Amino acid sequence: MTFFVNCSPPRSLSKNSKRVYNGHVVENPKAKGAKADIVSLFQKYAPNTPYLGPVRLVLTFFYPYPAQTAKKVLSSGGRPMVKTPDVDGIASGVMDCMTTLRFWLDDKQVYCLHVEKWEVPDNCGIRVEIEEKI
């Protein structure tokens, strides 16, 4: 299964985005909202029955170039993004959302994970590739 969700990719999804507030540990509100957005965007792609076997997952995040990016850079196409968010944080958050939507029974089924972040001039979003090994 492969799909692309045209959106502004999340910048806060990490489990490490929890904060202490009045002596209680709470999830960062930005991360909580971003997870709800991912769930709503991915919901229509959720399979009728979850994958049962080992899963290979490829996540590619396409972020917009910063506003101050030179026109020369914009015209050259995309480039790898080497700033926050960290790939492990956004991948973990997206996998949690996909587990909630029952793409699989448990994210421990993901035996191979490939994550990339790109800055692009247009067509921002998230590309997801799922391959089940039977």
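Val120 in strand 6 is the bridge partner of Pro64. Strands (E, at least two residues) and helices (H or I, at least four residues) are DSSP runs numbered from the N terminus. The structure is a predicted model, in which local features need pLDDT of at least 70, side-chain atom pairs count only at pLDDT 80 or more, and totals for chains, interfaces and linings use all residues. Residues are numbered from 1 along each chain as its sequence is written, and side-chain values use heavy atoms, with hydrogens and water left out.

Strand 4 (residues 55-64) runs parallel to strand 6 (residues 110-120), the two being joined over 10 bridges; strands are taken to pair if DSSP finds at least two bridges between them. Within strand 6, Val110 is the residue opposite Val55. Strand 6 also pairs with strand 5 (residues 79-80), here in the antiparallel sense and over two bridges. In this antiparallel arrangement, Arg79 faces Glu119 of strand 6. These strands belong to an open sheet of five strands with mixed pairing and the order 1-7-4-6-5. Its edges are formed by strand 1 (2-6) and strand 5, each of which pairs on one side only.

The largest nonpolar core comprises 25 residues, of which Phe42, Leu57, Met98, Phe103, Trp104, Val128 and Ile130 touch the most other members. Such a core is a set of buried Ala, Val, Leu, Ile, Met, Phe, Trp, Tyr and Cys residues joined through side-chain atoms within 4.5 Å. At least two residues of this core are supplied by each of strand 1, helix 1 (29-42), strand 4, helix 3 (87-100) and strand 7 (125-132). Helix 3 provides the largest share, six residues. When neighbours within four places in sequence are left aside, Val128 is in contact (heavy atoms within 4.5 Å) with Met1, Thr2, Phe3, Phe42, Leu57, Val58, Leu59 and Met98.

The structure contains zero disulfides, a disulfide being a pair of cysteine sulfur atoms within 2.5 Å. Cys7 takes part in none, and the nearest cysteine sulfur, that of Cys124, lies 8.6 Å away. Cys7 counts as buried because its relative accessibility is 13%, whereas Cys112, at 28% relative accessibility, counts as partly exposed. By the criteria applied, buried denotes under 20% relative accessible area, exposed over 50%, and partly exposed the range in between (1.4 Å probe, protein chains only).
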